[in-house]
Amino acid sequence: MTEQDFLWYLIKVGVPIVALVTPLLKLNGSIIKLNERLETVLNHNNTQDLRLNTHAKQIDELSTKTENHEARLVAVEKRECKYELVQKMKGEK
């Protein structure tokens, strides 16, 4: 095998290998970046879930307090004022 044959063989074999390996390396790098970003998004999503659950609990507690407050207001509104009772009694006499 002459030097010229060796170079020709190297070109015939080497160029297709480089042509296949280069896009595969770029694809591998892109997949790694995508996986890292996906992990970041998942972590951020978990953080948001925890916050939403906390806020949902707070909202539930506030709605319970509001219902209790409304019930107390209704009870207070049903009661008669002592001043009005005294005035009624004076008017009846």
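These are my notebook entries on a predicted model of one protein chain.

**Ground rules**

I number residues from 1 along each chain as its sequence is written, and I keep to heavy atoms for side-chain values, leaving out hydrogens and water. Since I am reading a predicted model, I note that local features need pLDDT of at least 70 and that side-chain atom pairs count only at pLDDT 80 or more, while totals for chains, interfaces and linings use all residues.

**Overall form**

I looked up the secondary structure and found two helices and zero strands in the protein chain; these are DSSP runs, H or I of at least four residues for helices and E of at least two for strands, numbered from the N terminus. Helix α1 covers residues 3–78.

I then looked up the extent of the C-alpha trace, which spans about 135 × 15 × 10 Å along its principal axes. The radius of gyration is 40 Å, whereas a compact globule of 93 residues would have one near 12 Å; the radius is taken over C-alpha atoms, and the globule rule is 2.2 Å times the number of residues to the power 0.38.

**Surface and charge**

How many of the 93 residues, in percent, count as buried? I found that 0% do, where buried means under 20% relative accessible area, exposed means over 50%, and partly exposed lies in between, with a 1.4 Å probe and protein chains only. The accessible surface of the chain comes to about 9300 Å², and 62% of that belongs to carbon and sulfur atoms; such areas come from the Shrake-Rupley method with a 1.4 Å probe, and for residues only the protein chains shown count as cover.

I also looked up the charges: the mean positions of the 14 positive and 13 negative ones are 9 Å apart. Lys and Arg count as positive and Asp and Glu as negative, without His and the chain ends, and each charge is placed at NZ of Lys, CZ of Arg, CG of Asp or CD of Glu.

Trp8 lies in helix α1 and is exposed because its relative accessibility is 55%. I found its C-alpha atom 90 Å from that of Asn68, 60 residues apart along the chain.

Gly14 is in helix α1 too, but it is partly exposed, because its relative accessible area is 22%. From Gly14 to Glu36, 22 residues apart in sequence, I noted 33 Å between C-alpha atoms.

Gln58 sits in helix α1 and is partly exposed because its relative accessibility is 42%. Between the C-alpha atoms of Gln58 and Pro16, 42 residues apart along the chain, I noted 63 Å.
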